[in-house]
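Biologist: Please put the model up, and then we can go through it by question and answer.

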Amino acid sequence: MMLGVWALLFLWGLVTPCEGLLETVGTLARIDKDELSKAIQNSLVGGPILQNVLGTVTSVNQGLVGSKGLLGGGGLLGSGGIFSVVEELSGLKIEELTLPEVSLKLLPGLGVQVNLLTKVGLRGSGPLGGLLQLAAEVNVSSRVALGMSSRGTPILILKRCSTLLGHISLFSGLLPAPLFTVLEQMLCKVLPDLLCPVVDSMLGVMNELLGVTLSLVPLRALGSVEFTLATLPLISNQYIELNINSIVKSATGDIIDFPKPHVPVKVPPKQDHTSQVIVPLYLFSTVFGVLQTNGALDIDITPELVPKNIPLTTTYLAVLVPEALGKLPPGQQLLLSLRVKEAPTVTLQKKKATVSIPATIHVLSSVPQGTPTALFQLDEVLTLNAQLAPSATKLRLSLSLERLSGKVASSSAHIFDASLLEEWLNKVLRAVYVPKLNVNVEVGIPLPKILNVNFSTSVLDIIENAVVLTVAS
Ligand SMILES: *[C@@H]1O[C@H](CO)[C@@H](O)[C@H](O)[C@H]1NC(C)=O
Ligand SMILES: *[C@@H]1O[C@H](CO)[C@@H](O)[C@H](O)[C@H]1NC(C)=O
C-alpha cells in the first residue's frame with residue numbers, strides 16, 4: 001500500500017492543472033490555497049493538538065540533549081560545571097503554545113510548504129534554582145506532499161519538518177550570555193521533536209476532512225451518488241484541483257452506468273481567493289436518469305387531482321377534438337396516465353438549464369366502477385426550464401413548464417391534430433404534474449464535500465455543458 005502511495009506521488013509530480021477546454025464527466029473542484037490555510041488553522045483551533053504539547057519537558061537525560069547528544073562526552077559542552085546548569089535548563093516545561101499563524105505556499109509539482117509561526121512559553125528552574133520563564137518564537141516549517149490514498153481520497157503526507165528559532169524573551173530569571181547560547185542550542189535541538197508532531201496531528205485532522213470527499217450522498221430512497229477521486233490531485237500556484245468521479249448506485253447498491261457524453265466544457269479561469277466547483281452535465285443527466293428509472297417522473301392524473309376550473313371530462317374533450325371520442329358519450333371523467341420511458345435530456349447552455357422529458361400520455365375515460373376505456377395516446381415532449389440555486393450540500397432545482405409539443409401516437413377513433421389539445425394539456429400538467437415533479441427533484445444535484453466548503457453563498461453560472469459555482473474564501 002505504501003508503495004502504491006509513492007508511485008502515485010511520483011506520477012502526480014508530473015502533471016499540472018489544465019486550463020481551458022476540458023472533456024469531463026467528473027466534477028472539478030478547485031480549492032484556493034486560502035481555503036486550505038483556513039482548514040489548517042481550524043484544525044488547530046479548539047482541538048487537542050496544541051494542548052497535547054503542553055507540559056512536555058525538554059528532557060536532558062534521554063534523546064538529543066542527553067549524554068549521547070549535545071552534551072555527551074565529546075559534545076559541545078561536556079564539562080561538569082556547566083552540565084548541571086544545562087540539566088536544569090533542559091528541564092524546562094512547555095507551559096503555553098500560542099495558536100500558530102498558518103502560512104502556506106503551493107509548490108506546483110512538489111507539494112505544499114506549510115509554515116506555522118508560534119510562540120512557545122517555557123518554565124523551569126534556572127541557574128541557582130531561580131525561576132526561569134521565557135518565550136521563544138518558533139517557525140515550524142514543513143513540506144507536505146498531496147497524493148491519493150488507497151481509498152481514493154486526497155491525502156496530505158508530511159515529507160520534511162524543521163523548526164527555526166526566532167526571538168527569545170526572558171520574563172523572569174537570570175541567564176548570562178554564555179548560558180543563553182546554551183539555551184538557544186538546546187531549544188534548536190529539542191523543538192523539532194516537540195513541535196513536528198503537531199504538524200503530523202494537524203495533517204491527520206486534515207486527512208479526515210479530505211477523506212469525506214469520498215462520500216456516498218443519498219438521493220432520498222432512489223439511490224445514491226458516490227464521489228471518488230478520478231485522478232491524482234493537481235497543484236498550481238494558487239489552488240489544488242480535484243477531479244471527482246460520480247458513481248451512481250441504485251437503492252439496492254448496484255452501479256447504474258448512464259451513458260457518459262464526452263462533451264467539452266470550457267473551464268473559466270479561477271480568480272484568486274475563490275474556490276470553484278464545476279458540476280458537469282453528466283451529473284444532471286444522471287439524477288434525472290435515476291428519477292426516470294425509479295418511475296418518479298410518472299403520474300396518473302385523476303379528476304380529483306385537478307382544480308375545478310380545469311375540465312377533465314369527455315364533454316370538454318368533445319369541444320376540442322370531437323373526432324377523438326368516437327361513439328363515447330359526453331359527461332364521463334378522464335384519466336391521464338403519463339409515463340416517461342426514456343431518460344430526460346438536460347441542456348446547459350447560454351445561462352439556461354433546460355430539461356426535456358419525453359412522455360407518453362394515455363388518455364382514458366372512466367365510469368364509476370367500470371374499467372377505463374382507452375381513448376388515445378399522445379407522444380409529448382415537455383420542455384421545462386430549471387431554476388438552479390446552490391445550498392450547502394447540493395444544487396436545488398425548481399422546474400417550470402415552458403412548452404409542450406407532441407403528436408397523436410394512436411387513437412381508438414380518428415387521428416386528430418394534437419396541437420388542438422395543447423392549451424388544455426398545458427393547464428393540466430402545470431396544475432398537477434409540475435408540482436409533483438418539483439417535489440421529486442428536491443433530491444437536487446449533489447455536491448462533493450470539500451474541506452467544509454459551504455456552497456450556499458456561492459455564485460452560480462451556467463456555462464456550456466456545466467454549472468460553475470464560485471465561493472469566496
Ligand atoms: C518560516 O520558515 C520558512 C522556511 O524556512 C520561511 O520561508 C519563512 O519565511 C519563515 N517565516 C518567517 C515569518 O520567518
Ligand atoms: C452554510 O451557510 C449558510 C449561510 O451562511 C448557513 O445558513 C448554513 O447553516 C451553512 N451550512 C453549513 C452546513 O455550514
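Modeller: A residue is near a molecule or strand if its C-beta atom, placed from the backbone, lies within 6 Å of it. This is a predicted model, in which local features need pLDDT of at least 70 and side-chain atom pairs count only at pLDDT 80 or more, while totals for chains, interfaces and linings use all residues. Residues are numbered from 1 along each chain as its sequence is written, and chains are lettered from A and ligands numbered from 1 in the order in which they are written.

Biologist: Which residues surround ligand 2?

Modeller: The shell divides into 1 nonpolar residue, 3 polar and no charged. Here Ala, Val, Leu, Ile, Met, Phe, Trp, Tyr, Cys and Pro count as nonpolar, Asp, Glu, Lys and Arg as charged, and the others, Gly among them, as polar. The residues around ligand 2 are Ala392, Asn454, Ser456 and Thr457.

Biologist: Which strands each supply at least two residues of the shell around ligand 1?

Modeller: Ligand 1 has Asn115, Leu117, Asn139, Ser141 and Leu164 around it, a set of 2 nonpolar, 3 polar and no charged residues. Strands (E, at least two residues) and helices (H or I, at least four) are DSSP runs, numbered from the N terminus. The strands that each give at least two residues to this shell are E5 (111-125) and E6 (131-148).

Biologist: What is the mean pLDDT of the protein chain?

Modeller: pLDDT is the predictor's confidence in each residue, from 0 to 100. In the protein chain 88% of residues reach 70 or more, and the mean is 85.

Biologist: Over which residues does pLDDT stay under 50, and how many contacts beyond four places in sequence does the model have for them?

Modeller: Two residues are in contact if their C-beta atoms, placed from the backbone, lie within 7 Å. Where pLDDT is low, the predicted coordinates should not be read in detail. The stretches are residues 1-16, with 18 such contacts, and residues 60-81, with 39.

Biologist: What share of the 473 residues of the protein chain count as buried?

Modeller: A residue is buried if 20 or more other C-beta atoms lie within 10 Å of its own, exposed if 12 or fewer, and partly exposed in between, with C-beta atoms placed from the backbone. The chain has 7 helices and 23 strands. Among its contacts between residues at least 6 apart in sequence, 71% join residues at least 24 apart. The buried share is 36%.

Biologist: Which residues of H2 are buried, and what arc do they cover?

Modeller: The buried residues in H2 are Lys33, Glu35, Leu36, Ala39, Ile40 and Ser43. They lie on the same side of H2, because the arc around the axis, taken from the directions from the helix axis to the C-beta atoms, is only 160°.

Biologist: What covers the buried residues of H2?

Modeller: One helix in the cover is H4 (177-211). The cover also includes strands E2 (27-32), E4 (101-107), E5, E11 (239-250) and E14 (274-280).

Biologist: How many of the 13 residues of H5 are buried?

Modeller: H5 (residues 281-293) reaches 18 Å from its first C-alpha to its last, close to the 18 Å expected at 1.5 Å a residue, where the expected span is 1.5 Å times one less than the number of residues. Its buried residues include Leu281, Phe284, Phe288 and Leu291. H5 is largely enclosed by the rest of the structure, because the number buried is 10.

Biologist: With which residues is Val53 in contact, leaving aside neighbours within four places in sequence?

Modeller: Val53 lies in the loop between H2 and helix H3 (80-89). Val53 counts as partly exposed because it has 18 C-beta neighbours inside 10 Å. Its contacts are Ile94, Leu97, Leu194 and Val198.

Biologist: Is Asn465 buried or exposed?

Modeller: Most residues other than glycine have a negative phi. Asn465 has a positive phi of about 70° although it is not a glycine, and its place is the loop between strand E22 (459-463) and strand E23 (466-472). With 22 C-beta neighbours inside 10 Å, Asn465 counts as buried.
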